[in-house]
Amino acid sequence: MGTLVGGALPASAGTVTPRGGCTAGLCSETTNETSHPVTVAKDWCASAHGPCHGTPRRTLRKNQTTPHGQDWDVFYVNAHCTYRGQRHSWGISFTERGGSHGKWVQVHNDQHYYIKQVTC
């Protein structure tokens, strides 16, 4: 790892996010607690509003979690489905709807999504 030297970046520099890495030991994680398979992907690309081209994907079955110590940035909500659950173990509830086309949901480096209910 290199060392950062110097002052703050100008606002015009934008945000730089390393692909596939955890920030300060905090990784994006997703746990599927339902019998509905959930697709996850490793790297989020803002320009694609979903996973980066060629990034690894996998399917989480019931009671599976993305690999510990690895950063998996996104999960997919199927079209015409609603996913409900908690962000973090202390219970900040979430509801994500796939709409008519489905959608990718970004999981930030300090977040763990627990998918507890899927209705389609």
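Predicted model: local features only at pLDDT ≥ 70, side-chain atom pairs only at ≥ 80, totals over all residues.

## Fold elements

From the N terminus on, the element order in the protein is β-β-β-β-β-β-β-β-β-β-β.

Residues are numbered from 1 along each chain as its sequence is written, and side-chain values use heavy atoms, with hydrogens and water left out.

## Burial and contacts

Of the 120 residues in the protein, 38% are buried (under 20% relative accessible area; exposed is over 50% and partly exposed in between, with a 1.4 Å probe and protein chains only). The protein exposes about 7,400 Å², and carbon and sulfur atoms supply 51% of this area (Shrake-Rupley method, 1.4 Å probe).

Among contacts (heavy atoms within 4.5 Å) with a separation of 6 or more, 65% join residues 24 or more positions apart.

## Salt bridges

The structure contains two salt bridges, each defined as a side-chain nitrogen of Lys or Arg within 4 Å of a carboxyl oxygen of Asp or Glu. In one, the closest N and O atoms of Lys116 and Glu33 are 2.6 Å apart. Lys116 lies in strand E11 (residues 112-119) and Glu33 in the loop between strands E1 (29-32) and E2 (38-41), so the pair ties together parts 83 residues apart in sequence. Lys116 is partly exposed at 38% relative accessible area, and Glu33 is partly exposed at 30%.

Lys103 and Glu96 also form a salt bridge, at 2.6 Å from N to O. Lys103 is partly exposed, with a relative accessible area of 31%, whereas Glu96 is buried at 15%.

Terms used
Helix = DSSP H or I, 4+ residues; strand = E, 2+ residues; numbered from the N terminus.
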